[in-house]
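Subject: Structure handover

Hello,

Please find the structure below. My notes on it follow, with the cut-offs stated where each term comes up.

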Amino acid sequence: MKDFKIFAGSSNLPLAGKIAAKLGMPLAKIEIVRFADSEGRVRIEEDVRGKICFVITSFSNPVDNHLMEFFLICDALKQSEAEKIIAVIPYFGYGRQDKAYRPGESISARVVTKLIETMSIERIVTIDLHSDSVASFFDIPVSQLFGLSIFQSEIERLKDDLVIVAPDAGGAKRAQSFAEKVNAPLAMVEKKRNLDKIHELETLNVIGQVKKKTCVIVDDIIAGGGTVIGAAEILKKFGAKKVFVCATHANFIDGAKEKLANSSLEKIFVSDTILVPSAQLFSKLKIVSVDQLLVEAIKKVL
Ligand code: R5P
């Protein structure tokens with residue numbers, strides 16, 4: 001294996017630490033400080049000359065802070081003459097803004113990819129992008145890992161009459177891939193968002209057979225919880241026996257914990273691409289780590 005180091009931004013130190021430990025090394029030393037006016041400062045505290053440097057960071061809440069910090073880390077590595085920088089971005093914030101949904105909107109995901117490209121990065125490793133078009137905005141190689149695969153054994157363990165459910169049309173391809181993995185049929189909820197009101201949505205119909213079945217809703221992100229809770233409610237109306245959720249990114253906003261905990265959902269499986277603070281944990285929530293998935297992807301790059 002080539003000589004490499006693992007650096008971490010501040011968004012998800014536990015995940016970065018687990019990855020480094022599995023690769024048999026400590027996290028590389030870096031100083032990240034924030035001035036009182038919120039401006040960040042970064043300093044690399046190791047010799048990285050001629051080394052391959054992985055930077056692990058999620059663009060999670062506060063998204064812009066973590067993004068800017070990432071730029072500063074990449075710049076500091078360049079100044080310190082790192083040979084290659086590989087960005088490992090378990091959660092790619094801004095990914096949902098992959099097109100102008102209403103006239104006059106910025107294509108924010110493309111803006112972020114173009115900014116990242118100015119950082120002389122060799123490759124991006126990421127997990128379950130909201131849309132494949134985000135990967136296509138990049139001119140540098142992107143390894144997009146199928147994060148939902150980490151939930152396969154949990155779902156197979158349910159040993160029931162399963163149906164995998166896409167909670168909206170946008171998630172149909174993702175749900176289909178998971179359904180193929182666990183060898184179960186597919187259904188879809190028809191969802192309508194109010195684009196003028198953030199986080200407001202309506203579920204209209206269920207396509208597919210869910211009566212007396214155990215449904216597993218598969219999604220990339222949970223934010224307010226409205227999508228999966230709305231899907232669970234309509235699935236129950238259509239006769240579903242039980243409803244579980246597998247979602248890669250636990251991008252919980254205020255109030256999500258209470259809504260999810262009090263919902264009819266049996267269990268919610270999420271990954272640790274985003275660090276869930278202890279105050280947001282609840283008994284129905286089970287976190288499965290993406291550490292091994294990322295370790296294997298890192299080894300492939302070396
Ligand atoms: C949207 O299309 C995404 O795939 C997720 O379904 C969405 O971001 C979830 O948001 P919320 O939990 O607020 O409904």
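Which elements do the buried residues of α9 pack against? They pack against β1 (4-8), α1 (13-22), β4 (52-56), β5 (84-89), β6 (123-127) and β7 (142-145), where contact means heavy atoms within 4.5 Å. Helices (H or I, at least four residues) and strands (E, at least two) are DSSP runs, numbered from the N terminus.

This is a predicted model, in which local features need pLDDT of at least 70 and side-chain atom pairs count only at pLDDT 80 or more, while totals for chains, interfaces and linings use all residues. Residues are numbered from 1 along each chain as its sequence is written, and side-chain values use heavy atoms, with hydrogens and water left out.

Cores

In α9, the buried residues are D291, L293, L294, V295, A297 and I298. Buried is under 20% relative accessible area, exposed is over 50%, and partly exposed is in between (1.4 Å probe, protein chains only). Nonpolar cores are sets of buried Ala, Val, Leu, Ile, Met, Phe, Trp, Tyr and Cys residues joined through side-chain atoms within 4.5 Å. The largest of them has 42 residues, and F54, I164, F178, C246 and L294 have the most contacts inside it. Helix α9 (residues 291-301) contributes the most to this core, with five residues. Leaving out residues up to four places away in sequence, F54 touches F4, K5, I6, F7, I86, V88, I298, V301 and L302. There is also a second, separate core of 32 residues, which includes C53, V55, A109 and M119.

Ligand

There are 16 residues around the ligand, and D219, D220, A223, G225 and T227 come nearest; a residue counts as near if one of its heavy atoms lies within 4 Å. By class, this shell has four nonpolar, six polar and six charged residues. For that count, Ala, Val, Leu, Ile, Met, Phe, Trp, Tyr, Cys and Pro are nonpolar, Asp, Glu, Lys and Arg are charged, and the others, Gly among them, are polar.

For G225, a backbone N or O atom is 2.8 Å from a ligand oxygen atom. On its own the ligand has 380 Å² of accessible area, and the protein covers 92% of it (Shrake-Rupley method, 1.4 Å probe). Two or more shell residues come from each of β9 (186-193), β11 (214-222) and α7 (226-237), and β11 gives the most, with four.

Loops

S149 is in the loop between β7 and α5 (152-156). S149 and V290 are 141 residues apart in sequence but 9.4 Å apart in space, C-alpha to C-alpha. Q280, in the loop between β13 (267-271) and β14 (285-288), counts as buried because its relative accessibility is 18%.

Backbone

Most residues other than glycine have a negative phi, and most peptide bonds are trans. S38 has a positive phi, near 85 degrees, and Y94 has a positive phi near 75 degrees. S38 is partly exposed at 42%, and Y94 is partly exposed at 26%. N61 and P62 are joined by a cis peptide bond, with omega about 0 degrees; P62 lies in the loop between β4 and α2 (63-79).

Regards

Conventions:
Polar contact = N/O pair within 3.5 Å; in protein donor to acceptor, adjacent residues only side chain to side chain.
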